[in-house]
Amino acid sequence: MKPVIWIILIIVLLVAIALLAMVGRSRQVEARRGEAADLRAEAEVRERERLERDAAAAEAQAQADQARAEAEAQQARAAQLETEAQRRAEDAAQAGAQRDEHLRRADERDPDVDVVEADGRTLDADSEKGDREVADDREVTEPHTPDRDGDPDGTEADDRPRQV
């Protein structure tokens, strides 16, 4: 064969190899474009999921904030109720002290009641308020009066001596 034919054959062979390389390269580029498109689609799906999760997290945070605010309001209400209860207890204690003072003064004025002082001394009810003498050592009880505890039968709810 002539050298020209060999040269033409080599050129045709080189062109065929170049075409095959270009087709292979083109297919590879297309495959990479497809992979890139798939990755972008997957990224878009993941972005939607992230946005949904962000929204769910924001909603959960809002619910937690609302629950915290409600709990703080409940706590403030509880503190207010505790203050009110304490004030009412103090009022009740003051009313009880006033009642006790009235009973003590009534016992001091009642000639039928012997009064027991806080130090344990029994005072004679017949003496003057500022000039009381210590009575004998017998146990002193209050007489039964229907007006003290309101019983119609005239019995006292508490038969112990009163302390002043």
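This briefing describes the fold, the surface and the charged contacts of the chain shown above.

The structure is a predicted model, in which local features need pLDDT of at least 70 and side-chain atom pairs count only at pLDDT 80 or more, while totals for chains, interfaces and linings use all residues. Residues are numbered from 1 along each chain as its sequence is written, and side-chain values use heavy atoms, with hydrogens and water left out. The secondary structure consists of two helices and two strands, where helices (H or I, at least four residues) and strands (E, at least two) are DSSP runs numbered from the N terminus. Along the sequence these elements follow the pattern α-β-β-α.

**Overall fold**

- Helix α1 covers residues 3-109, and its 107 residues should span 159 Å at 1.5 Å a residue, which agrees with the 155 Å between its end C-alpha atoms; the expected span is 1.5 Å times one less than the number of residues.
- Buried residues make up 11% of the 164 residues in the chain, where buried means under 20% relative accessible area, exposed over 50%, and partly exposed in between (1.4 Å probe, protein chains only).
- Among contacts with a separation of 6 or more, 32% join residues 24 or more positions apart, a contact being heavy atoms within 4.5 Å.

**Surface**

- The accessible surface of the chain is about 13,500 Å², and 55% of it belongs to carbon and sulfur atoms; such areas come from the Shrake-Rupley method with a 1.4 Å probe, and for residues only the protein chains shown count as cover.
- Trp6, Leu9, Ile10, Leu13, Leu14 and Ile17 form a nonpolar surface patch, with about 620 Å² of accessible area together.
- Patches are made of residues with over 30% relative accessible area and no salt bridge, with like charges joined within 9 Å and nonpolar side chains (Val, Leu, Ile, Met, Phe, Trp, Tyr) within 5 Å.
- Leu9, one of the residues of this patch, lies in helix α1 and is partly exposed, with a relative accessible area of 46%.

- The structure holds twelve salt bridges, each defined as a side-chain nitrogen of Lys or Arg within 4 Å of a carboxyl oxygen of Asp or Glu.
- Arg33 and Glu30 form one of them, at 2.9 Å from N to O, and because they are three residues apart in helix α1, about one helical turn separates them.
- In this pair Arg33 is exposed, with a relative accessible area of 51%, whereas Glu30 counts as partly exposed at 47%.
- Arg50 and Asp54 form another salt bridge, with their closest N and O atoms 2.6 Å apart, and they lie four residues apart in helix α1, about one turn of the helix.
- Arg50 counts as partly exposed at 39% relative accessibility, and Asp54 likewise counts as partly exposed at 39%.
- Glu84, Arg87, Arg88 and Asp91 are linked in a network of salt bridges.

**Buried charged residues**

- Leu103, Arg104, Asp107 and Glu108 are buried in α1.
- Glu108 and Arg104 meet in a salt bridge of 2.1 Å, N to O, and these two residues of helix α1 are four residues apart, about one turn of the helix.
- Arg104 is buried, with a relative accessible area of 18%, and its side chain also makes a polar contact of 2.5 Å with the side chain of Glu101.
- A polar contact is a pair of N or O atoms within 3.5 Å; within protein, one must be able to donate a hydrogen and the other to accept it, and residues adjacent in sequence count only if both atoms are side-chain atoms.
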